[in-house]
Amino acid sequence: MLLDWMKTALPLADDPVNGFDPDAVTISNTVEINAPARIVWAVLVDMPRYNEWNPFCIRAVSTLEMGAAVEMTLISYATAGGPTVPNLEYVCAFEPEKLLSWEMKHSEAWPYPARRDQVIEATGAEACRYYSTDAFLGANGIHVQRFAGPWIKRAFDDSGIALKARAEFLFSQER
């Protein structure tokens, strides 16, 4: 189960800076994709093309090496027709065809650490499922969840639907 994995991967809730609270996690809908995990993975790591399919993250730049910066331009879902906002996080997990994660570390200037995990689970040779999570960490995590969780979930759900469409289209072109 997802939260069980997070509980073992992240510090306990009593850590005021990076502690994990299961109530401070946004979880997207799980999307069943009729394409192999390798194609979904290829779409996720092809960051120069995010603007062609992703309605939330319209620009992403990174080498995707562990610890590398992920520079993003996001559409703000906090307001209708929201403006774009810059976002900078760092790669913290990379398991081809299974997991792509980045995190925002705690700092005095930004005391809102978080970790985003994008998970691909193969369900067959030509099918998989995808979901995304955002764990808001530390003492401020629950407040971020209450404020931003609903619109982040909507953004992640929209991205999952768009990822499905992109991967299935690319897979259809292989046949």
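You're looking at a predicted model, where local features need pLDDT of at least 70, side-chain atom pairs count only at pLDDT 80 or more, and totals for chains, interfaces and linings use all residues. Numbering runs from 1 along each chain as its sequence is written, and side-chain values use heavy atoms, with hydrogens and water left out.

**Core.** Select I33, L44, Y50, I120 and L163: of the 39 residues in the largest nonpolar core, these touch the most other members. Such a core is a set of buried Ala, Val, Leu, Ile, Met, Phe, Trp, Tyr and Cys residues joined through side-chain atoms within 4.5 Å; buried means under 20% relative accessible area, exposed over 50%, partly exposed in between (1.4 Å probe, protein chains only).

Now pick L44. Leaving aside residues up to four places away in sequence, L44 touches Y50, W53, L100, Q118, I120, Y130 and L163 (contact: heavy atoms within 4.5 Å).

**Aromatics.** Next, show W41 and F94. Their ring centres are 5.1 Å apart and their planes sit at 75°, so this pair is edge-to-face. (Rings of Phe, Tyr and Trp, using its six-membered ring, pair if centres lie within 6.5 Å; planes under 30 degrees apart are stacked, over 60 edge-to-face, the rest tilted.) W41 is buried, at 9% relative accessible area, while F94 is partly exposed at 34%. The whole structure holds 5 aromatic pairs.

Last stop: select F56, Y77 and F156, which form one aromatic cluster.
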